[in-house]
Amino acid sequence: MAAPPRDVDARTVDLQRPATQIILKTHTEPSNDLAMERRKATFDVQELSYVLNGGKEQLEKKMKLAEMLSNTSWGDKSRRYFLTREEEYVGALKAALGIWEKMKSESLSLSDGALMRTLVDFPGGLELHIGMFIPSILSQGSAEQQAKWMPLCMGLKIIGTYAQTELGHGTFVRGLETTATYDKQTQEFVVHSPTLTATKWWPGGLGKTSTHAIVMARLMLPDGAGGVRDHGPHGFVVQIRAMDSHLPLPGVTIGDIGPKFGFGGVDNGFMSFDHLRIPRDAMLMRFSQVTPEGVYVPPPPSNSKASYATMVFVRADIVKNSGSVLARAVTIATRYAAVRRQTAPGPGQRELQVLDYQNCAATLLPLLASAYALTFMGEDMMTMYKKFEADRDAGRFEGLPELHALSSGLKALCTWAAADGIEECRRTCGGHGYSRLSGLPTLFASYVQNVTWEGDNNVLCLQTARFLIKALAGVQAGKRVDGSAAYLNDAAAELAPGRRCAAAGEACWLRPEVAAAALRHAAARSCATAAETLAAASGGRLVFEGAPWNSNTVDSIRAAKAHCSLVLHATFLDSVARLEAGAGAININTSTAAAVPTSAAAGGGGAGAAGPRLGGAAAGVLRQLAALYALDTLERGGGLAVLLEDGYMSAVQAGALRRAHRGLLAALRPNAVALVDAFAFPDYLLHSALGRQDGDVYRGLLDMARGSPLNDTEEGPAWAEVLRPVLAARSRM
């Protein structure tokens, strides 16, 4: 609460006045600093904002929706940082249902619903209903199953989750222990948890919200000899709660798993089964079926991995989301670093802006470059997935191995970049970054799960590495490879002893083809090294399991990282070129519009092919960012070590690369605030005292702090029962 005004006597005011004048001579209002930063921009910020936000109409819609949401009871964020776990859970559900009802009552589009979810930013019990339950039915359910379940999903007649992870198994899906055993006599499956470690663990919304779940269980069918045959994990739509009482069904034990690092509004749960019977048609049967007689009908060989579609979709969606999340953190930290002042160069002089210290710029500007790189990669990743969907519907699955490998590696690299980047941004904000009011601790706590969720990142890198090593072996056997690994077709020439870097000085490193060549060589060498190490450990042949594989994973992970870094840089440059050519805008705001009520949809939304064109000035600045991304990746990501060890680069060239990197920091510094402004995140989304658009950060901290429940009274909640007896006793001493 604000202090009441005081009547101060004239003598005291006069006494203080000279001291105040000394302070005011060097004092700077942070809002003035941010306004000054914006005047330094060398490109049209609004133009880039339109490009990044799906065009002018979409950007204006985002701002309008943010204003509308802030004025609803369920979208109000003023108490968000002060909620208990129970209040978070209930509040998040109210927000999700509020959006759902708003869509239906106002006939809003799918993209509007997804945008509102992004802006409210209150993950809750419907996350997996929207993010995995519905996409799984759409991608793996038969036409009859979709006709049965989708109206119930979209009308919220049921609420679903996706139960795959178990206490004892996560990334290794084939090791799941939950079973679904077919009973031919009753035409039912018996779902059972035969061990403690078979208990489902982590599904969002499972604890107290969901009525149904897609349960991944090992399909067991009679083998004709009194036993069963294991056909591996398959998905089953299972009702887990009674629709009238919301109590768990007999044979189902469910609960919330308790407090987590973050994500308090989501009721992640546990679940075990005790011989639960479900009908035969509960199995998702778009690609594989079980007949009434208990005969397994596998998917055609061409699409035997069709069930991977949902997993690939989710990973592609995670890649897309990583750019937006990192961009939010960088926006907060960059704005704050531009207004925070520290250490005056001399007596009577103003303190320097923190962003003017090279070490701060060397932290934030590469993260800004990564945010743009991840944003462009996310758009490209979803485009690739949509192409796969079209191919799948036409019965073509030849592109799945590439998409699976790329989505796996990029999910790992992009989530590492985003999670680590948020924490770096928080540290750059100093002590105030430790306050939840900065927005950064909550952003980090909510996001960091992504490095292990939907596949441990190191394991996913190994899946990418396996694809790359096999591709290289295929090239060596005379088989060409397409797609992101096409550079391996020229691996022999690339890695020939005489191959050398073409950079002749600092300026050369600013040429995109020089940086791209270095990234390409590092990727090729890393892949070849991983293959050679694996072959040496397995007697001269490539073995992708057992001791040889398990004891040589470090080089394989490095190869996957190098490959994905190369793809990120190439996609960055290609995206800028396409946008400059007028290929249409992108949309940083939503991860996906999937699984919001189609019955409420009225039109589409999002970027179209006739979006705004990226001007030359903005394109030039983005190419500087792409160059910084490449050089920073080479310097800090281990690429220099690979290139120097391989003899591709000399120490002199490495020194020139570092000087070019430092030069880019100086060149990009005037545009730092403009580049984060271009993301056009409203204050409502950022919910950060430090990231305010007006720069008035210290007033923001005070205003938000006054909302703490501890400030409801002046004396505080411990006064009457705890402090007063102690202090009263001491006062009598």
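Me: Over residues 162-274, what share of the chain is helix and what share is strand?
Reply: This is a predicted model, where local features need pLDDT of at least 70, side-chain atom pairs count only at pLDDT 80 or more, and totals for chains, interfaces and linings use all residues. Residues are numbered from 1 along each chain as its sequence is written, and side-chain values use heavy atoms, with hydrogens and water left out. Helices (H or I, at least four residues) and strands (E, at least two) are DSSP runs, numbered from the N terminus. Over residues 162-274 the end C-alpha atoms are 19 Å apart, and the chain is 0% helix and 42% strand.

Me: Which feature does UniProt list for residues 162-274?
Reply: UniProt positions follow the numbering used here, feature names are shortened, and annotations may be inferred rather than shown by experiment. The entry is unreviewed. For residues 162-274 UniProt lists "domain: Acyl-CoA oxidase/dehydrogenase middle".

Me: What is the helix content over residues 44-159?
Reply: UniProt, in an unreviewed entry, places "domain: Acyl-coenzyme A oxidase N-terminal" there. The end C-alpha atoms of this stretch are 45 Å apart.

Me: How far apart are the centres of domain 1 and domain 3?
Reply: Domain bounds come from an automatic or database domain assignment. It gives domain 1 (52-122), domain 2 (131-299) and domain 3 (308-342 + 350-677). Taken over C-alpha atoms, the centres of domain 1 and domain 3 are separated by 30 Å.

Me: What radius of gyration does the protein have?
Reply: The radius is taken over C-alpha atoms, and the globule rule is 2.2 Å times the number of residues to the power 0.38. For 733 residues, a compact globule would come out near 27 Å. The protein agrees with that, at 28 Å.

Me: How many residues of strand β5 are buried?
Reply: Buried means under 20% relative accessible area, exposed over 50%, and partly exposed in between (1.4 Å probe, protein chains only). Across the protein, buried residues make up 53% of the 733. Strand β5 (residues 212-222) is mostly covered. Its buried count is ten of eleven.

Me: Which residue in β6 stands opposite Arg218?
Reply: Two strands pair if DSSP finds at least two bridges between them. Ten bridges join β5 to strand β6 (residues 228-239), and the two run antiparallel. On another side of the bookkeeping, Arg218 in β5 also stands opposite Thr179. In β6, the residue opposite Arg218 is Pro233.

Me: In the hairpin of β5 and β6, which residue takes a positive phi?
Reply: The hairpin has five residues between the strands. The phi value is near 85°. The residue is Gly224.

Me: Is the ring pair of Trp201 and Phe270 stacked or edge-to-face?
Reply: Rings of Phe, Tyr and Trp (its six-membered ring) pair if their centres lie within 6.5 Å; planes under 30 degrees apart count as stacked, over 60 as edge-to-face and the rest as tilted. The structure holds ten aromatic pairs. For Trp201 and Phe270, the centres are 6.1 Å apart and the planes are at 20°, so the pair is stacked.

Me: How many residues apart in sequence are the parts that Tyr372 and Phe679 tie together?
Reply: Their ring centres are 4.7 Å apart and the planes are at 35°, so the pair is tilted. Both residues are buried. Tyr372 lies in helix α10 (residues 358-393), and Phe679 lies in the loop between α21 (672-677) and α22 (683-686). The separation is 307 residues.

Me: Over which ring does the charged end of Lys77 sit?
Reply: A charge sits over a ring if NZ of Lys or CZ of Arg is within 6 Å of the ring centre and within 35 degrees of the ring normal. For Lys77 the distance to the centre is 4.1 Å. The ring is that of Tyr684.
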